[in-house]
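Dear colleague,

Please read them alongside the coordinates.

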Amino acid sequence: MEMQEIITEKEKTKEDEKASKLMLEVKNEGTRNLMNSALEEVDPGHYSKLENLPEDIYSEACPSDFPAKTKAGKQTDGNARLFRAGCLFLTIICLVLLLVIIILGLKLQTGSTICPEREEIPATNNGPTCDYEQCQNQFITLQPHRLGCQQCADGWLTLGRTCFYLSTFRLSWDKSQMNCTARGGSLAVITSQSIQRFLTRKGILKYWIGLRHEVDTWKWVNNNTLQKSYWTDGMPQGDCGILSSEDPSEKNWIKAPCKAYSYFICQVAF
């Protein structure tokens, strides 16, 4: 009896399991049918709309990005304008400097070689106005320097390749020679008629020249013996030579004591 009851219970259990499986299959099938019917009712156009979204959606999604990009673009444009303006300004400066250099070069090439004349002080008969040391302190040494086309320094006269300085103060012959030596030259040596006429025309006073009597011969400061002379008639006695610009150039040399005070002419060759 017990065996029959056990078999009966097993059969009931199997039948219950089969029934539950059938119920699950029915429920699953109903669920699938409902889902399929719901999908069939949905409009397929919605999917195409979702796939082809308008650009406005993206622009509305991030509206704060565009102002930042606009500001960055404006800043870049401003920097570019400043850079172009700076380049233009530098270019103009370079052109101006180049023009100035060209003008100065042309001016040096075409400039006059005649130095401006120094204003002369009229001669007086009151004797020397200062001694050598005082004159050295009052007057700056004007040594000629090589100045390109303008070979002579300010206050010097140019004749050929020689510079002449006509003093505006008086010294003895020896101190005049020392003054000219300090300027880089010597008292004037007149070796041609053109130099004689030039110095006579430019001067307005009486000037020591580099001519001195030694033993029985007149010599220039460069130790050359006098060849051509322009002595005036009825001249006083002395051992040093003076050129008088107040007289004609043919005869305007005067013999005077070397210790006398007079203006002088310095000479520098270049």
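K251 is partly exposed at 45% relative accessibility, where partly exposed lies between buried (under 20% relative accessible area) and exposed (over 50%), with a 1.4 Å probe and protein chains only. K251 forms a salt bridge with D233, their closest N and O atoms being 3.5 Å apart, a salt bridge being a side-chain nitrogen of Lys or Arg within 4 Å of a carboxyl oxygen of Asp or Glu. This pair links distant parts of the chain, with K251 in the loop between strand 6 and strand 7 and D233 in the loop between strand 5 (217-220) and strand 6, 18 residues apart; strands (E, at least two residues) and helices (H or I, at least four) are DSSP runs numbered from the N terminus. D233 itself is exposed, with a relative accessible area of 59%.

The model is predicted, so local features need pLDDT of at least 70 and side-chain atom pairs count only at pLDDT 80 or more, while totals for chains, interfaces and linings use all residues. Residues are numbered from 1 along each chain as its sequence is written, and side-chain values use heavy atoms, leaving out hydrogens and water.

The structure holds three salt bridges. In another of them, K206 meets E246 with the closest N and O atoms 2.7 Å apart; because K206 lies in strand 4 and E246 in the loop between strand 6 (240-244) and strand 7 (253-256), the pair ties together parts 40 residues apart in sequence. The side chains of D174 and R212 also form a salt bridge, at 2.7 Å from N to O.

Best regards
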